[in-house]
Amino acid sequence: MNIVVVGAQWGDEGKGKVIDVLTDEADILVRYQGGHNAGHTVIVDGQEFIFHLIPSGLLHPGKVGLIGNGVVIDPEALLDEMGRLAARHVDLERAVKISDQAHVIFPYHKRLDLLEEGRRAGRIGTTGRGIGPCYVDKVARCGIRVADLCNPHVFADKLRQNVEEKNRLFAALYQEPPIAYDTLHERYSGYARRLAPHVVNGSRFLQEALRQHKRLLFEGAQGTLLDIDHGTYPYVTSSNATAGGACTGAGVPPTVINRVLGVVKAYTTRVGEGPLPTEFPPGLMDRVRTKGKEFGATTGRPRRCGWFDAVVARHAVWLNGCQSVAVTKLDVLDDMETIQICVGYQHSGRAIAEFPSDIELFAHCEPVYESLPGWQTETGEAASFADLPVQAQQYLRRLEQLLGVPICLISTGSRREQAFKTRHW
Ligand code: IMP
């Protein structure tokens, strides 16, 4: 069984925790898009681990992780992450594989990310890690891939062209000083030597793994509404976070994917700019943000929080082909008197049932809410659906109806044990 785990909201749905539960059912864990803008948190024995580029399932011994061709890699961030995990006895020497077709992030990408963000009329609120500009170079066909980085002649040539071009841009558009080729070349040649033992042809590596009947788990980063094609464009990340991205971003055919599991939080959050129709008013925002510890795992920025939006989650279930969903952070709603679910929108007196592509229209959509009674009981110790208070069961059943797929996993706390499978697993 080969599974894709995908975020069905704006990222930060708790995919790291779901992947951790699923890892027993996988041999090879694959990241297929994004970069170190992602932050997947896993808590084991009271210890918190945050993964940015390395597949989070690697906490389990004996697993192998591939950073696929669709990922953009900042070598410094990757080596740093490997070093920090190694210091905590997570053995990565043989466990981490890197696709030779993945693109490499350079300091000029990061600088451009920050400069462009400062110049934009409407900020996107990027993580400032150089993700977008690196994907721009990939699409513009001037990017530097891991294979190029590891070939000294190709690397020297491509880096020189890129540095020259970026320096022209820095001077003309931003009146910024140039970046020096020599120091950059030396630094990145050092990274190439350190990463070389991990580099493989990603697609061939997975083909061989499948031939040996290994099971693959594709770890989506960010979420459907941040997908470059299907999200709230332009307030999106620059990659395909949806399940389809697993094929192009790892180099496997669609026919090898057997199961797509969507992950939703019991409410909604988003970091960065862009519309969020169900956003809470300030009092409720603070309450949920504090209880849910809603601060970015990568940047520490406070997340914007709101009620569950069934319109966007249904859009995500369809786009990804989710056969079931996992619901996380149910416990954060434990003390609510009443819970709202957005079941549609109103715009200029007109009912809107589906997620619209027009971002201006979306920004002015008023949510139509359905109210359900809260349960006002702690759910952190529940070990099965039957253990949940009846109002929590009603809430989850209503989500299933609205999404049109069953809930297969429920998480009620950050600890590994605070999650249980339902009969739909
Ligand atoms: P970028 O990916 O840094 O270009 O940022 C683009 C948008 O995606 C911004 O709104 C970010 O806050 C958001 N974003 C990027 N990565 C994540 C993530 O892992 N979780 C949630 N939001 C993210």
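**Overall shape**

I began with the radius of gyration: a compact globule of 425 residues would come out near 22 Å, and the chain has 22 Å, so the two agree. I kept in mind that this is a predicted model. Along the principal axes, the C-alpha atoms fill a box of roughly 65 × 50 × 40 Å. I then looked up the secondary structure and found 13 helices and 20 strands.

**Inside and surface**

Next I asked how much of the chain is buried, and the reply was 57% of the 425 residues. For contacts with a separation of 6 or more, I noted that 75% join residues 24 or more positions apart. The chain exposes about 17900 Å², with carbon and sulfur atoms supplying 51% of that area. I also looked up the charges: there are 47 positive and 49 negative side chains, and the centres of the two sets lie 3 Å apart.

**A look at strand 2**

I picked strand 2, residues 28-31, and checked which way its side chains point. Ile28 and Val30 point one way, Leu29 and Arg31 the other way, and all are buried. I made a note of Arg31 in particular, as it is buried too.

Then I looked for the partners of strand 2. Strand 5 (residues 64-67) pairs with strand 2 in the parallel sense over four bridges, and there valine 64 is the bridge partner of isoleucine 28. Strand 10 (residues 216-219) also pairs with strand 2 in the parallel sense, over four bridges. In strand 10, I found phenylalanine 218 opposite valine 30.

Definitions and conventions
Residues numbered from 1 in each chain as written. Predicted model: local features only at pLDDT ≥ 70, side-chain atom pairs only at ≥ 80, totals over all residues. Heavy atoms only, no water. Helix = DSSP H or I, 4+ residues; strand = E, 2+ residues; numbered from the N terminus. Rg over C-alpha atoms; globule rule 2.2 N^0.38 Å. Buried < 20%, exposed > 50% of the residue type's maximum accessible area, 1.4 Å probe, protein only. Contact = heavy atoms within 4.5 Å. Areas by Shrake-Rupley, 256 points an atom, 1.4 Å probe, with all protein chains shown as cover. Lys, Arg positive; Asp, Glu negative; His and termini not counted. Charge placed at Lys NZ, Arg CZ, Asp CG, Glu CD. Pairing = 2+ DSSP bridges.
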